[in-house]
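Have the sequence and the 3D view open as you read.

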Amino acid sequence: MRTAYSVETVRNAERELMARVPEGALMQRAAAGLAAVCADLLRRVSGARIVVLAGSGDNGGDALYAGARLARRGARVSAVLLAPERTHEGGLRALLAAGGRAADDPFAVLATADLVLDGITGIGGRGGLRPDAVPVARAARGSDAVIVAVDLPSGVEAGSGEVKGEALRADVTVTFGTYKPCLLIDPAREYAGAVRLVDIGLGPHLPAVPELEALQHEDVARLLPVPSAESDKYRRGVIGVVAGSARYPGAAVLAVAGALRGGAGAVRYVGPGTGAVIARFPETLVHEGPPSKAGRVQAWAVGPGLGDGPGVADVLASEVPVLVDADGLRMLDAATVRGRTAPTLLTPHAGEAAALLGVPREQVESGRLAAVRQLAARYGATALLKGSTTLIADPDPAVPVRVNPTGTPWLATAGSGDVLSGLSGSLLATGLAPRDAASVAAYLHGLAARLASGGAPVAAHDVALALPDAWRNVLG
């Protein structure tokens, strides 16, 4: 599992560690790891043209010390000092002693660079790059050099993943000690490129509970509801799906498709699309409604393609977990959701989340972490915020927000959210807690899209068909 911590937590851990090691040891560990990654990225170190963009403070110091290590191996290292009066003195001395130099013309050295170390700003940076750094950053990005960010791309907000001004997009980010939230959450994640984590000994000084966590294959495999020899369709759980309308009949089919591949033993469909559902999936149990008369279920998924149709109030009045998506979200009352005795899972995209919170869509998209936490708190529900980074927040603010690492832009297609709703609801019906069900569903959904597309356009029904392959991929 990948974990990320807040800026304050990282700084506290660094202070604790620095108090236990010789002065400067932490920076030397970071510089050594950074230089090693840079060396791996170069065809050969000797003779390589490397430019260090050094801002003030420790981030610039890490970059300068790494530059010194590379210079001692024969690289031609030039430092662009963006805050000369506040340059890390020890780092600059080390670079000059190793044969590096301070550049007189930053644009000239950047034009011929093989690799650029971005040490302009660190985890304390706010509001994007300063105006005087922007031309240099643009020149670096416009060169043919590999851009390596030191700890995080300069200009992004470390703790939130927001990008509030101009930032320098990296090809590779070398981060120290632990992931920072910006390396997992868009839009900042898009600036990070490939992320390499360097261990500097911070682990024992970090709290047991992170701020963010991203499940990996082995984590998902442990959560998957695999039936035992004594399982039957009812022990595995029955998921009820309330979806579809005359205008959106396909939503019912796609939601059921996801539900059938989510691990539950049976799918009970309620709505006007019974004919279309049975024609495609004859194993489905169907009922025209209302949901309360359809038979027993272990969880409900309501909303995809529902239009103004009934069903939301009925399922919210039930005593089983309920997933609400799409059109169902328009009918939500926060007090009603908070008053439920059983868990609720909300799965909006940015526009729907904005409507639920009463804020502009742009605010949700630029501050996804804050938005998903606000949703969970306001509705007392688990919230899955779909989008370029899918985030899952528990109503308990002490529980880490989960980040899904398998998302792909190919999921931005009509109906993919319907498949995710059915899949998530099915996992709820197997007995998974809402946070786990949402996390596993998002992971499998993204993985299935990658497997189905192979880099080419993919439709929602293709994603549903690829879900068994995603399960097999995770289980090995």
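In which helix is histidine 445 found? Histidine 445 is in helix α17, which covers residues 434–453. Keep in mind that this is a predicted model.

**Two side chains**

Is histidine 445 buried or exposed? Its relative accessible area is 5%, and the cut-off for buried is under 20%, so histidine 445 counts as buried. Leaving aside residues up to four places away in sequence, histidine 445 touches Leu411, Ser416, Val419, Leu420, Leu423, Val463 and Leu467.

Now to lysine 180, which is found in a loop, between β7 (172–176) and α7 (189–192). Lysine 180 has a relative accessibility of 2%, so this residue counts as buried too. What does the side chain of lysine 180 reach? That would be the backbone oxygen of threonine 178, at 2.9 Å. Again not counting residues up to four places away in sequence, lysine 180 is in touch with Ala4, Tyr5, Val10, Ile123, Asp151, Ala158 and Thr175.

| Helix pair | Residues | Angle | Axes |
|---|---|---|---|
| α2 and α3 | 25–41 and 57–72 | about 55 degrees | 8 Å apart |
| α13 and α15 | 350–357 and 368–379 | roughly 50 degrees | within 10 Å |

Start with α2 and α3, which pack at an angle of about 55 degrees. That angle is why α2 is described as oblique to α3. The crossing of α2 past α3 is right-handed. On the α2 side, the contact is made by Met27, Gln28, Ala30, Ala31, Ala32, Leu34, Ala35, Cys38 and Ala39. From α3 come Asp58, Gly61, Asp62, Ala63, Tyr65, Ala66, Arg69 and Leu70. Sort the residues of this α2 and α3 contact by class and you get 12 nonpolar, two polar and three charged.

Then there's α13 with α15, whose axes cross at roughly 50 degrees. At that angle α13 is therefore oblique to α15. Is the crossing of α13 past α15 left-handed or right-handed? This one is left-handed. Which residues of α13 and α15 meet? Ala353, Leu356 and Leu357 are the ones in α13, and they meet Ala371, Gln374, Leu375, Arg378 and Tyr379 in α15. By class, the contact of α13 with α15 has six nonpolar residues, one polar and one charged.

How values were computed:
Residues numbered from 1 in each chain as written. Predicted model: local features only at pLDDT ≥ 70, side-chain atom pairs only at ≥ 80, totals over all residues. Heavy atoms only, no water. Helix = DSSP H or I, 4+ residues; strand = E, 2+ residues; numbered from the N terminus. Buried < 20%, exposed > 50% of the residue type's maximum accessible area, 1.4 Å probe, protein only. Contact = heavy atoms within 4.5 Å. Axes fitted to C-alpha atoms, helices over the stretch in contact; angles between N-to-C directions. Parallel < 35°, antiparallel > 145°, perpendicular 65-115°, else oblique. Left-handed = near helix turned anticlockwise from the far one by under 90°. Nonpolar A, V, L, I, M, F, W, Y, C, P; charged D, E, K, R; others polar. Polar contact = N/O pair within 3.5 Å; in protein donor to acceptor, adjacent residues only side chain to side chain.
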